[in-house]
Amino acid sequence: MGERHMSVGTIEGLFEGLKAYHKQDGNILLFRTEENALRMRMGAERMCMPSPTIEQFVDAVTATVLANKRWVPPPCKGSLYIRPLLMGSGAVLGLAPAPEYTFLIYVSPVGNYFKVLKAQTAAKAKGFTDVLYLDCVHKKYLEEVSSCNVFVVKVN
C-alpha cells in the first residue's frame with residue numbers, strides 16, 4: 001500500500017489601500033505612501049510575515065501607478081485605487097507561518113465617492129452607523145459594504 005500524504009493549505013495575508021489622483025497640471029499625486037508602507041510592515045510583524053521595506057513598497061506602488069497611468073481618471077473625475085497585498089501560502093498543518101510569501105499590487109480606476117457619502121450622511125442622520133449596498137438588478141443581494149467590515153449572522 002502506498003503512502004498517503006495529507007496537505008492542508010494555508011493562506012494568510014494583509015492589505016493596504018491608497019489612491020493616485022491626476023492633478024490639474026497633468027502630474028499624478030500619491031498621498032502618504034510611506035505611511036501605508038509602515039502600516040503594512042507593522043501588520044506583517046504582528047503576523048510573523050516578512051514584508052517589503054518601506055523603500056521597496058513605495059517603489060513598487062510608484063512603478064505600478066506609472067505602468068497604469070492611462071487608467072488614472074482625469075482631475076476631479078475619480079482616482080486610481082491601489083491595493084498592495086502581502087500574502088503567505090503553502091502547505092502547513094497546524095498554526096504556523098506560511099512557507100512562502102507574495103507581495104503584489106493591483107489597481108483599478110474608481111469614480112468619486114461623493115454620492116456614496118450622501119447615502120452615509122442620510123443613514124447616520126437616522127441613527128445607523130454605516131451603509132450596505134444591494135445589487136442593482138434584484139435589490140436583495142449584498143454587493144458592497146461602505147468603509148468597514150461586516151459580519152452577517154443567519155439565524156434558523
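Predicted model: local features only at pLDDT ≥ 70, side-chain atom pairs only at ≥ 80, totals over all residues.
Biologist: What share of the residues in the protein is buried?

Modeller: A residue counts as buried when its relative accessible area is under 20%. The protein has 156 residues, and the buried part of them comes to 25%.

Biologist: Among contacts between residues at least 6 apart in sequence, what share joins residues at least 24 apart?

Modeller: Contact here means heavy atoms within 4.5 Å. Of the contacts in the protein between residues at least 6 apart, those joining residues at least 24 apart make up 58%.

Biologist: How are α1 and α2 oriented to each other?

Modeller: Two packed helices are described by the angle and the distance between their axes. Helix α1 covers residues 33-46 and helix α2 residues 54-67; their axes come within 9 Å and cross at roughly 125°. An angle over 145 degrees would count as roughly antiparallel, and 65 to 115 as roughly perpendicular. The two helices are therefore oblique.

Biologist: Which residues of α2 make the contact with α1, and how many residues of the contact are nonpolar?

Modeller: From α1, the contact uses Thr 33, Glu 34, Asn 36, Ala 37, Leu 38, Met 40 and Arg 41. From α2, the residues are Ile 54, Phe 57, Val 58 and Val 61. By class, the contact has 2 charged, 2 polar and 7 nonpolar residues.

Biologist: Is Ala 44 buried or exposed?

Modeller: Ala 44 belongs to helix α1. Leaving aside neighbours within four places in sequence, Ala 44 is in contact with Leu 14, Met 49, Pro 50, Ser 51 and Leu 86. Its relative accessibility is 0%, so Ala 44 counts as buried.

Biologist: How many Å apart in space are Ala 44 and Met 87?

Modeller: In sequence, Ala 44 and Met 87 are 43 residues apart. In space, C-alpha to C-alpha, the separation of Ala 44 and Met 87 is 9.5 Å.

Biologist: How many disulfides does a search of the whole structure find?

Modeller: Cys 48 is exposed, at a relative accessible area of 53%. Cys 136 is also exposed, at 59%. A disulfide would need a pair of cysteine sulfur atoms within 2.5 Å. Across the whole structure, the number of disulfides found is 0.

Terms used
Residues numbered from 1 in each chain as written. Heavy atoms only, no water. Axes fitted to C-alpha atoms, helices over the stretch in contact; angles between N-to-C directions. Helix = DSSP H or I, 4+ residues; strand = E, 2+ residues; numbered from the N terminus. Parallel < 35°, antiparallel > 145°, perpendicular 65-115°, else oblique. Nonpolar A, V, L, I, M, F, W, Y, C, P; charged D, E, K, R; others polar. Buried < 20%, exposed > 50% of the residue type's maximum accessible area, 1.4 Å probe, protein only.
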